[in-house]
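Take a look at the chain below.

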Amino acid sequence: MALVTGSTSGIGRATARLFAEEGAKVVVTGRRRKLGEQVVGEIESAGGIAVYYEADLADSQKTRDLVRFTVDTYGRIDVLVNNAMSHIVPWGGAEGPGLLITSDDDWDAMMAVGVKAPFIACQEAIPHMVRQGGGSIINISSIRGLVAMRNGGAYDVAKAGILNLSRQVTVDFARHGVRANTISPGWIQSDQAHDQFSEDPASVGNTLVPQPIRRPGRYIDIAYAALFLASDESTFVAGANLLVDGGLLTQNGFDIRRATLDAEGQSSA
Ligand code: NAD
């Protein structure tokens with residue numbers, strides 16, 4: 001039984017679908033009922049089991065209710081994926097609001113969904129997981145939780161926070177069978193953008209992949225990593241951070257610059 005937050009779109013949707021394909025009963029959740037019901041429909045047409053629950057995770061009580069709904073519906077909660085993230089503040093690097101111009105409200109909104117909601121969800125889910133004899137919590141961070149991006153502001157701080165939430169849960173609860181791990185995605189694009197990338201080597205997307213694996217990540221790449229961390233194949237993995245970034249952060253600054261030039265079709269030789 002798995003709860004995947006922010007599963008009306010993107011990485012969350014791909015993860016919910018993959019988990020259901022693998023036999024998990026899934027709670028799909030978000031604020032957009034139509035999209036959520038669509039995801040449930042996709043899962044059911046593929047023979048899986050899912051239910052939609054609408055919740056705005058900026059509201060702590062709704063987050064608690066969401067976890068309770070999962071347990072009430074399926075009788076237990078084996079996997080919790082904290083994936084939802086606020087879009088109130090633009091994510092863009094150079095375009096994002098820097099520290100000096102981030103408003104109190106934007107900061108609070110980012111922290112509420114990006115850090116507090118995962119914390120509350122853990123608080124609600126862990127006692128059930130301990131009672132059941134175990135569970136897997138997967139927090140979706142970002143490469144920007146490890147290295148800051150220019151003007152990254154509140155987003156980068158929130159993503160660093162969630163990384164240590166995984167470690168905290170592990171230190172306190174791994175001995176009770178509750179593992180918490182983080183996934184840090186790099187540049188992930190929609191399947192549509194990804195397909196355009198492969199068809200048109202000169203597309204704008206190409207300039208966004210200065211990484212050893214010369215393609216953007218797909219939503220399913222993150223879903224596969226989540227599947228591993230949710231499964232019994234990872235029972236000795238706790239408090240880890242799994243980078244899924246095509247090798248981006250393995251490089252030093254010079255190599256990132258060279259890879260960018262290569263991607264733009266300018267020789268870096
Ligand atoms: P997305 O926008 O498709 O997914 C975010 C989801 O969170 C959406 O479904 C959205 O509705 C939901 N959400 C936002 N605020 C909410 C709220 N108040 N209550 C309930 N749900 C809320 O984008 P995505 O790319 O699939 O991102 C998923 C996760 O991956 C996010 O945590 C994001 O920070 C992280 N991430 C994405 C990338 C990338 O390149 N796409 C890179 C690194 C990390």
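The chain exposes about 12,900 Å², an accessible area from the Shrake-Rupley method with a 1.4 Å probe, where for residues only the protein chains shown count as cover. Carbon and sulfur atoms supply 54% of that surface. This is a predicted model: local features need pLDDT of at least 70, side-chain atom pairs count only at pLDDT 80 or more, and totals for chains, interfaces and linings use all residues. Residues are numbered from 1 along each chain as its sequence is written, and side-chain values use heavy atoms, with hydrogens and water left out.

Now the inside. Of the 269 residues in the chain, 48% are buried (under 20% relative accessible area; exposed is over 50%, partly exposed in between; 1.4 Å probe, protein chains only). The chain has 8 helices and 9 strands. These are DSSP runs, numbered from the N terminus: helices are H or I with at least four residues, strands are E with at least two. Contact means heavy atoms within 4.5 Å. Take contacts between residues at least 6 apart in sequence: 69% of them join residues at least 24 apart.

Next, one residue. Thr70 sits in helix H3 (residues 60–74). Why does Thr70 count as buried? Because its relative accessibility is 0%. Leave aside neighbours within four places in sequence, and Thr70 touches Leu3, Val27, Gly75, Arg76 and Ile77.

Move on to helix H5, residues 153–173. Its 21 residues reach 31 Å from first C-alpha to last, close to the expected 30 Å. The expected span is 1.5 Å times one less than the number of residues. Buried residues of H5 include Tyr155, Lys159, Ile162 and Leu165. What do the buried residues of H5 pack against? Their partners are helix H4 (104–132) and strands E4 (79–82), E5 (135–140), E6 (178–185) and E9 (241–244).

A backbone N or O atom of Ile11 lies 2.8 Å from a ligand oxygen. For Lys159, a polar side-chain atom lies 2.8 Å from a ligand oxygen. Taken alone, the ligand exposes 810 Å², and the protein buries 92% of that.

Notes: A polar contact is a pair of N or O atoms within 3.5 Å; within protein, one must be able to donate a hydrogen and the other to accept it, and residues adjacent in sequence count only if both atoms are side-chain atoms.
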